[in-house]
Amino acid sequence: MKNLQGKTVFITGGGGGIGGGMAQAFAERGARIVLADIDHGFAQEEAAKLPSDVEVFTLPLDVRSLEGWEAARVEAEARFGAVDVLCNNAGISTGFKPLFDVSPEEFERVMAINVTGVYNGIQTFGPAMAARGEGHIVNTSSMNGLSPFASFAAYSASKFAVLALSDALRDELAPQGVGVSTLFPGLTRSRMSEADLGKVSAGDPARRAAIEANMMEAIWLGRAVVRAVENDEPYIVTHPDYREGVRARQERILAAFGEPAQPDYRTGLTATKG
Ligand SMILES: NC(=O)c1ccc[n+]([C@@H]2O[C@H](COP(=O)([O-])OP(=O)(O)OC[C@H]3O[C@@H](n4cnc5c(N)ncnc54)[C@H](O)[C@@H]3O)[C@@H](O)[C@H]2O)c1
């Protein structure tokens with residue numbers, strides 16, 4: 001979508017750090033912004049940070065509720081017309097803990113918000129974008145969605161799901177003129193990362209300071225998202241320092257592609273998409 005001037009951008013988790021960064025960056029391009037968050041007060045705080053000439057409104061939305069999404073769509077369209085860009089960005093973390101310590105309720109909650117929430121957004125706005133032959137969907141995954149590590153199993157599973165869903169959807173919607181991008185943030189300043197940091201560095205101010213120093217400011221992620229929408233890029237990587245971990249994991253997977261398990265196995269049906 002080459003020109004974002006006057007376009008309407010709907011951002012979930014819009015009261016959070018990265019959602020707020022996206023709002024600022026799209027506003028820099030002259031877009032109109034809808035900030036939706038389960039905590040309406042957070043969304044209002046982020047809206048108040050935007051320059052006064054930006055057209056913005058906020059609404060409460062729990063991304064787990066398809067009915068809530070429908071009400072949000074009706075309100076957004078009444079205010080700004082059709083939504084051109086959807087940023088499915090709301091998400092929660094389980095924090096650093098072994099999978100055995102993640103309760104069934106916590107597991108269900110992280111999947112409901114991080115995965116079903118994204119699906120709900122796509123179901124709400126995707127068909128109208130496809131019918132118009134224009135639109136863009138940005139889904140927030142994580143570096144944990146490319147390279148999982150111990151103590152983040154449930155969260156990583158949810159973020160892998162976001163990537164899989166986005167890749168397949170990109171193929172489905174390309175012929176209809178709708179773009180799909182996946183954002184893979186590394187450590188970025190936000191309420192979530194500050195809370196997680198508090199847990200790992202409790203009583204260790206030096207560790208805290210070291211991790212704090214590596215946090216990226218969310219506005220830069222927002223600007224990377226804007227460029228990806230303008231250029232219809234599939235993947236948005238903001239923290240290249242994670243590259244080696246991702247490469248090593250891919251190498252391990254590729255190394256497992258040896259001979260077929262069944263000696264006389266032959267097929268021409270294998271998916272070969274690059
Ligand atoms: N900050 C990081 O280092 C980092 C790294 C990788 C990925 N991410 C991802 O970035 C996204 C944004 O997170 P953030 O870091 O800005 O954290 P954040 O906590 O500042 O923002 C998340 C926002 O989502 C909202 N939210 C939570 N549950 C919701 C629900 N059910 N419905 C609607 N809104 C809900 C919260 O109220 C909050 O405002 C998340 O998907 C997160 O997983 C963050």
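The largest pocket is lined by 48 residues, and those nearest its centre are Ser93, Tyr155, Ser190, Met192 and Ser193. A pocket here is an open set of points, on a 1 Å grid over the protein atoms alone, where a 1.4 Å probe fits and protein lies on both sides within 12 Å along at least five of seven lines; lining residues have an atom within 4 Å of a point. The model is predicted: local features need pLDDT of at least 70 and side-chain atom pairs pLDDT 80 or more, while totals for chains, interfaces and linings use all residues. Residues are numbered from 1 along each chain as its sequence is written, and side-chain values use heavy atoms, with hydrogens and water left out.

The volume of the largest pocket is about 1200 Å³, a volume being the space filled by probe spheres set on grid points joined across faces, edges and corners. H6 supplies the largest share of its lining, 7 residues. At least two residues each come from H1, helix H4 (104-132), H5, H6 and helix H7 (205-213). Helices (H or I, at least four residues) and strands (E, at least two) are DSSP runs numbered from the N terminus.

The ligand sits in the largest pocket, in the sense that more than half of its atoms lie within 2 Å of the pocket's grid points. Helix H1 (17-28), helix H5 (153-173) and helix H6 (191-200) are the elements that give two or more residues to the shell around the ligand. H6 gives the most, with 3 residues. Of the 30 residues around the ligand, Ile18, Asp37, Tyr155, Thr188 and Ser190 come nearest; a residue counts as near if one of its heavy atoms lies within 4 Å.

| Residue | Ligand atom | Distance |
|---|---|---|
| Ile18 | oxygen | 2.8 Å |
| Val63 | nitrogen | 3.0 Å |
| Gly186 | oxygen | 3.4 Å |

The protein covers 93% of the 820 Å² of accessible area that the ligand has on its own, by the Shrake-Rupley method with a 1.4 Å probe.

The second largest pocket holds about 330 Å³ of space. Among its lining residues are Phe160, Phe184, Arg249 and Phe257. H5, strand E7 (235-237) and helix H9 (243-255) each supply at least two residues of this lining.

By class, the lining of the second largest pocket has 8 nonpolar, 2 polar and 2 charged residues. Ala, Val, Leu, Ile, Met, Phe, Trp, Tyr, Cys and Pro count as nonpolar, Asp, Glu, Lys and Arg as charged, and the others, Gly among them, as polar.

Terms used. Polar contact = N/O pair within 3.5 Å; in protein donor to acceptor, adjacent residues only side chain to side chain.
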